[in-house]
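Colleague: Thanks for sitting down with me over this one. Could you walk me through it?

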Amino acid sequence: MNPTPPLTSRLPAVGTTVFSVMSALATQHQAVNLGQGFPDFACDPALVNHVTQAMQAGHNQYPPMPGIPALREAIATKIEALHARHYRATDEITITAGATQAIITAILAVVHPGDEVIVLEPCYDSYVPNIELAGGVVVRVPLTPGTFRPDFGKIAAAITPRTRAILINSPHNPSATVWSRADMLALQDLLAPTDILLISDEVYEHMVFDGAQHESAARFPGLAARAFIVSSFGKTYHVTGWKVGYVAAPAAMTAEFRKVHQFNVFSVNTPVQYGLANYMADPRPYLDLPAFYQRKRDLFREGLKQTRFKLLPSEGSYFQCVDISEVSDLGEAEFCQWLTAEVGVAAIPLSAFYGNRFDQHVVRFCFAKQDATLHAALHKLLSI
């Protein structure tokens with residue numbers, strides 16, 4: 001047998017993601033999986049019906065590369081209604097195969113070898129490998145430990161003549177914090193004298209609680225003019241497995257984005273696009289989402305108050321972080337393994353979202369679950 005030639009890895013430090021590891025461990029121990037961020041309940045049957053009707057109507061071949069016009073128009077209408085900024089459906093909105101593909105495509109479109117890209121840690125685990133695949137240099141800036149607020153002094157200090165882009169994420173995964181208007185204005189002021197581009201990961205845009213408003217980069221002219229704004233239908237409509245998202249960006253940036261998009265994915269599932277376009281005619285599903293998830297958040301937080309976990313704020317997203325200092329002396333990763341195997345509840349260590357595995361005794365739960373699932377998890381957590 002001929003041996004496989006030796007390979008030099010493009011991502012030598014990357015292994016299996018913590019989400020896959022913890023989900024596999026949860027399955028092995030039949031644990032309640034509050035680790036990986038996906039719902040365990042069904043989407044609206046009306047959405048499935050719209051997609052089914054699109055299939056039956058024959059919408060089963062390649063769509064236009066940037067997405068079907070009706071869906072891009074629906075997105076433009078939504079953004080203008082919510083954030084008072086108009087994006088042209090023709091050349092400023094692109095349908096993507098989920099937000100993860102959108103982010104790597106944006107990075108590949110604008111980051112050249114040697115360019116620096118600022119990421120704010122803790123951050124979603126695709127950001128760093130995406131930058132490395134583009135030949136970029138990752139510049140890690142920590143969010144403030146404990147509060148996870150942006151430190152604009154540290155961000156400013158990280159900017160050099162080689163800085164090409166900065167990635168932000170609000171509502172934030174994993175910390176469940178939300179950037180304020182003041183935060184966005186501070187970022188706008190900081191970037192104003194530069195040519196730095198912004199990649200704004202807004203996949204949890206419709207999950208902001210307690211009457212707060214999602215401060216999209218689209219709302220700020222100085223940010224919108226330099227931003228790829230990324231969102232996710234999977235998160236909004238409880239269909240993460242469909243892997244459909246979108247990017248809104250100025251025309252010149254969209255043109256570069258689409259150059260890469262056409263060669264790394266070309267186009268996105270046709271009947272799902274038609275189904276989503278028809279479903280978006282009614283804005284209530286995304287307008288009602290904050291109340292839907294706030295009720296689940298409140299249910300879960302009330303139960304956690306009976307435990308020894310210290311609750312951190314959950315301002316947005318569908319995550320709840322807790323401090324485990326009063327529960328265990330174990331590190332975050334070891335605690336999550338123990339919690340899954342011995343208690344029967346899976347969580348994610350926040351250290352997995354840091355390049356240096358910074359451990360602050362905080363773990364993340366996902367509450368995008370049926371009430372019965374949350375009650376089952378709380379019952380087990382009360383036993384600690």
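Modeller: Gladly, and a definition comes first: the expected span of a helix is 1.5 Å times one less than its number of residues. Helices (H or I, at least four residues) and strands (E, at least two) are DSSP runs, numbered from the N terminus. This is a predicted model, where local features need pLDDT of at least 70, side-chain atom pairs count only at pLDDT 80 or more, and totals for chains, interfaces and linings use all residues. Residues are numbered from 1 along each chain as its sequence is written, and side-chain values use heavy atoms, with hydrogens and water left out.

Colleague: How far apart are the end C-alpha atoms of helix α2?

Modeller: Helix α2 covers residues 45-56, which makes twelve residues. At 1.5 Å a residue they should span 16 Å, and the model agrees, with its end C-alpha atoms separated by 16 Å.

Colleague: Within what arc do the buried residues of α2 fall?

Modeller: Leu 47, Val 51 and Ala 54 are buried in α2 (buried is under 20% relative accessible area, exposed over 50%, partly exposed in between, with a 1.4 Å probe and protein chains only). Seen down the axis, these buried residues line one face of the helix, because they fall within an arc (taken from the directions from the helix axis to the C-beta atoms) of 55°.

Colleague: Which residues of α2 are exposed on the other side?

Modeller: The buried residues have a cover that includes α11 (270-279). On the other side of α2, the exposed residues are Pro 45 and Gln 56.

Colleague: Which residue caps the N-terminal end of α2?

Modeller: Look for a side-chain oxygen 2.9 Å from the backbone nitrogen of Ala 46. The residue that supplies this oxygen is Asp 44.

Colleague: Is Glu 215 buried or exposed?

Modeller: Glu 215 sits in the loop between β6 (197-201) and α8 (221-224). Its relative accessibility is 10%, so Glu 215 counts as buried.

Colleague: With which side chains does the side chain of Glu 215 make a polar contact?

Modeller: A polar contact is a pair of N or O atoms within 3.5 Å; within protein, one must be able to donate a hydrogen and the other to accept it, and residues adjacent in sequence count only if both atoms are side-chain atoms. One partner of Glu 215, at 3.3 Å, is Gln 213. Another, at 3.5 Å, is Arg 219.

Terms used. Contact = heavy atoms within 4.5 Å.
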